[in-house]
Amino acid sequence: MIRKRLARRRFVREHRFTQDHMSQYVDGELAVEERSRVEEHVGVCPQCRRVFATLKRTMESLRGLASEPRPALSDGIIDRLRHP
Amino acid sequence: MERARAGDRTAFEELVRRHADRLYAVVRRFVADAEEAEEVTQEAFLRAWRGIGRFQGRSQFFTWLYRIGINEAKRRADRRPPLGVVSSIEERPMDDAPDWSDAPEFRAEQADLRTALENAVRSLPPDYRAPLVLRDVEGLSTSEAAEILELGEAAFKSRLHRARLAVRRALDEYFLEAAES
């Protein structure tokens, strides 16, 4: 009973740690030990596995949100600089 | 840069050509339309030119310029009601959401999905949107983006993470709705 409760408490602690550090994991900003904690928990927690996979996919997709170029923008600004 | 600081307008015009498109792209994420984004971008360069003598050169020119542009864009964004796609900046993962990380919509670069993503970014509070736009959309480094926003790296990372989770959650809702329809 006590062992079960301790295991549950540990799981909750690792769950929070993983959810708080997923971004830093993907950005490569965690120390080796912290990376291992995230990996170990993601290995046993389906919810974190899903959030982690979809977070990575979200970040990849954000990179593709480039704006349309505005060809005449620089010329317009330069014109205002020359004729204030 | 040194020539521009000394008042050489031709040198400053070169800086305009180098940075205008990227500043426009950032500003566009905060204001209502392309015309307003052009207006804010133009205003940022004019202010930078007028204040170039005050630029200390301790940071890079573009971080100073972006700060001017983003502050103005955020000021305008704060005046508008939020879009409401991101219901809360607090992340509460949904137990019943599908794992859409391998959804075919991503491979097909579907327009609906792109719109959902754009709306999710746009509905973030400006203080959370800015880190995400600079880091994830524009690809600046953590230190560059934190410097532009005048945030410590820890505060920057915390906002960035919460913004990413909020956008991720908005996509949960998009895929849930898509599964139901």
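Select chain A and chain B together: the two chains bury about 3800 Å² between them, 56% of it on carbon and sulfur atoms. Buried area is the accessible area (1.4 Å probe) that two parts lose on being put together, summed over both. On the side of chain A, the residues that lose the most area to chain B are A:Arg50, A:Leu65 and A:Leu81, together 19% of what that side buries.

This is a predicted model, in which local features need pLDDT of at least 70 and side-chain atom pairs count only at pLDDT 80 or more, while totals for chains, interfaces and linings use all residues. Residues are numbered from 1 along each chain as its sequence is written, chains are lettered from A and ligands numbered from 1 in the order in which they are written, and side-chain values use heavy atoms, with hydrogens and water left out.

**The interface**

Next, display the residues in contact (heavy atoms within 4.5 Å). Chain A contributes 34 residues and chain B contributes 49 residues.

Now select A:Arg50 and B:Asp172. These residues form a salt bridge, with their closest N and O atoms 3.1 Å apart. The term requires a side-chain nitrogen of Lys or Arg within 4 Å of a carboxyl oxygen of Asp or Glu. Across this interface the rule finds five salt bridges.

The elements that give two or more residues to the side touching chain B are α1 (2-26), α3 (46-63) and α4 (73-82) of chain A. Of these, α3(A) gives the most, with 12 residues.

**Inside chain B: B:Phe156**

Move to helix α9 (residues 153-180) of chain B, where B:Phe156 is found. Is B:Phe156 buried or exposed? B:Phe156 is buried, because its relative accessibility is 0%; the cut-offs are under 20% relative accessible area for buried, over 50% for exposed and partly exposed in between (1.4 Å probe, protein chains only). Leaving aside neighbours within four places in sequence, its contacts include B:Pro131, B:Arg135 and B:Leu149.

**Inside chain B: B:Glu72**

Finally, select B:Glu72 in helix α4 (residues 61-78) of chain B. B:Glu72 is buried, with a relative accessible area of 7%. Leaving aside neighbours within four places in sequence, B:Glu72 is in contact with B:Val40 and B:Arg47.

Methods. Helix = DSSP H or I, 4+ residues; strand = E, 2+ residues; numbered from the N terminus.
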